[in-house]
Amino acid sequence: MPASVLIERVAALVEEFVGRLPDPLDHDLKTLLTRLREPMRVAVVGKVKAGKSTIVNALLGQRVAPTDVSECTRLVTWFRYGYPQRIVLEMKDGSEVQVQMSTSGMLPDELPVPADGVATIQAYLTNDILKDLILIDTPGIGSVHEEYSMATEELLALTAKSTAATAQADAVVFLLNQVVMEDEHQALQMLASGAEESGSAANTVGVLSKADQLGDGEQDPWQIAVELATRYSERFNAEVSTVVPVIGLLAETAEAATLTEMDAKHLATLAAMDLATLDPLLWSPDRFVEGEAPVPSQARERLLEMMDLYGIEKALGFVRAGASTATELRQQLATLSGISDIRHVISSLFNAQDDVLKVRSVLDLLNRMSYQRVPGADAAVLQQLRSKVEELRIDPVIHPVAEIEAWHAICTGKVSLPPSLAADLQRLITPMSLAARLGVPEGDPVAAREAAVAAMSRWRAFMVSEADPGQASVARVVLRSFQLAHAAAAEPPIASIHSSNGNP
Ligand SMILES: Nc1nc2c(ncn2[C@@H]2O[C@H](COP(=O)(O)OP(=O)(O)OP(=O)(O)O)[C@@H](O)[C@H]2O)c(=O)[nH]1
Ligand SMILES: [Mg+2]
């Protein structure tokens with residue numbers, strides 16, 4: 001895959017310089033090398049109690065992040081793949097402290113050291129999802145906190161803490177609720193502009209969380225959520241690529257398999273009640289737990305915690321329609337929750353660009369390092385590093401980085417293009433075969449070359465006749481893309497080279 005060729009080329013460059021510069025430069029180089037080879041990092045960000053940890057658990061398919069009052073909710077937590085499973089507190093002084101998971105497999109409620117001294121929590125889990133992804137759960141941003149009237153400094157420190165984690169992330173899942181406060185919008189804007197510098201732009205997606213809580217009970221909340229998500233995608237179009245609605249709580253209950261056969265049995269008993277008695281129970285959480293019903297109220301409380309009233313009502317509908325086992329119910333609840341849309345967005349928007357984005361930020365960091373004055377650093381080696389980075393930047397292999405930058409300028413509205421040209425660019429950056437990127441059938445190099453030539457003249461005409469400076473710089477990138485595509489289409493397929501050499 002071209003993307004991993006990208007990573008290998010940059011990693012080779014970094015490796016060439018490891019051991020040739022003093023610390024901290026050498027240490028930074030090694031960190032970059034690890035960073036290049038690690039899975040992509042996705043941070044879940046949003047205001048306090050937005051439902052972040054619930055979504056993290058749902059994505060992990062495991063209830064590990066606490067969603068109640070716990071010291072851990074105030075700290076940035078990295079979930080990585082690792083065996084044996086362990087939790088490591090990275091302290092601000094550079095030391096590490098190992099802690100035990102709770103007996104239920106969650107992060108502990110209390111830490112053995114003061115939380116103030118902890119920089120991050122690193123949770124290593126043997127969870128296959130983490131082989132492709134590092135998930136970062138962050139403390140809430142914004143002013144809707146217990147310190148509602150907290151000083152601006154505190155607010156900024158809080159915001160800075162969460163965004164510091166996102167600066168290190170390749171992608172951000174930003175949780176929005178029914179009302180988006182000004183400080184949340186500011187945080188989104190900060191993310192968009194910070195991402196521009198670090199090279200991880202155009203990869204924040206919005207998630208309208210707690211979709212079951214929307215509306216006044218008249219209309220189906222999911223319907224309201226879909227409409228609101230559409231409005232949010234338009235309103236925050238400069239900051240997020242899309243907004244998807246999700247019922248995190250149902251996703252967590254379904255994906256982390258917390259709904260048991262006993263719960264399914266209780267739901268079946270409730271579903272069999274006559275509607276006149278059952279309906280009033282569903283009017284409020286209190287009535288549901290305290291009203292008369294042939295299911296113990298403790299069991300009902302548990303159902304409420306796992307699904308809330310909307311989820312229970314839907315689950316009862318699934319039971320009446322024939323779902324009888326916990327597995328069947330979990331499947332239907334998972335579908336209802338919308339979690340698959342988030343998964344799809346993560347893989348289609350983030351995974352596809354991940355290597356390119358990582359390379360872009362690593363090249364920037366390398367370039368910056370080469371200008372640093374560190375005692376004992378050989379100026380000639382730093383000069384060599386700079387030249388190698390420059391050399392690599394103009395290598396055709398690195399061209400996808402320029403394409404992503406151009407695409408970001410379009411996504412954030414900094415540059416606008418006529419729709420047909422924007423579609424050209426979008427196709428170009430989508431990781432597909434050369435033919436698909438050129439919009440021609442597979443296995444027809446003549447058609448591919450013709451499409452590339454036609455596209456080049458289209459873009460050249462645009463560049464000379466109407467493009468403003470921003471559009472012209474995008475056009476230059478796209479022209480190069482089509483030149484490279486033309487050259488690639490002109491090369492004889494590898495198999496025919498082999499056969500002409502007489503090789504098998
Ligand atoms: N009804 C409903 N409740 C939800 C949903 N998602 C989360 N909750 C509940 O909302 C509360 C907060 O959820 P968390 O996932 O802890 O939210 P958070 O953003 O991680 O909170 P902090 O880390 O404390 O900022 C918990 O009681 C969850 O059970 C949802 O989709 N629907
Ligand atoms: Mg949390």
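**Figure 1. Overall make-up of the predicted protein model.** Buried residues account for 38% of the 504 residues in the protein, a residue being buried if 20 or more other C-beta atoms lie within 10 Å of its own, exposed if 12 or fewer do, and partly exposed in between, with C-beta atoms placed from the backbone. This is a predicted model, in which local features need pLDDT of at least 70 and side-chain atom pairs count only at pLDDT 80 or more, whereas totals for chains, interfaces and linings use all residues. Residues are numbered from 1 along each chain as its sequence is written, while chains are lettered from A and ligands numbered from 1 in the order in which they are written. The secondary structure comes to 21 helices and 9 strands, both taken as DSSP runs numbered from the N terminus, with helices being H or I of at least four residues and strands E of at least two. Of the contacts between residues at least 6 apart in sequence, 73% join residues at least 24 apart, two residues being in contact if their C-beta atoms, placed from the backbone, lie within 7 Å.

**Figure 2. Surroundings of ligand 1.** The shell around ligand 1 holds 19 residues, and the closest are G51, S53, T54, T67 and L249; a residue is counted here if its C-beta atom, placed from the backbone, lies within 6 Å of the molecule. Helices α3 (52–60) and α7 (248–255) each supply at least two residues of this shell, and α3 gives the most, with 3 residues. By class, the shell divides into 4 nonpolar, 10 polar and 5 charged residues, where Ala, Val, Leu, Ile, Met, Phe, Trp, Tyr, Cys and Pro count as nonpolar, Asp, Glu, Lys and Arg as charged, and the others, Gly among them, as polar.

**Figure 3. Helix α7 and its packing against α12.** Helix α7 is mostly covered, with 8 of its 8 residues buried, namely G248, L249, L250, A251, E252, T253, A254 and E255. The axes of α7 and helix α12 (residues 326–337) come within 8 Å and cross at roughly 150°, which makes α7 roughly antiparallel to α12. These axes are lines fitted to C-alpha atoms, for helices over the stretch in contact, with angles running from 0 to 180 degrees between N-to-C directions; angles under 35 degrees count as roughly parallel, over 145 as roughly antiparallel, 65 to 115 as roughly perpendicular and the rest as oblique. In the contact, L250, A251, T253, A254 and E255 of α7 meet R330, L333, A334, L336 and S337 of α12, and by class the residues are 6 nonpolar, 2 polar and 2 charged. Helix α7 is followed by A257, whose phi is positive, near 55°.

**Figure 4. Packing of α16 against α17.** Helix α16 (residues 399–411) and helix α17 (residues 419–429) have axes that come within 10 Å and cross at roughly 140°, and α16 is therefore oblique to α17. From α16, E403, I404, A406, W407 and I410 meet A422, L425, L428 and I429 of α17; this contact has 8 nonpolar, no polar and 1 charged residues.

**Figure 5. Loop residue Q353.** Q353 lies in the loop between α13 (339–351) and α14 (354–370), and counts as buried because 26 C-beta neighbours lie inside 10 Å. Leaving aside neighbours within four places in sequence, Q353 is in contact with N203 and I404. The C-alpha atoms of Q353 and N203 are separated by 8.8 Å, although the two residues are 150 residues apart along the chain.
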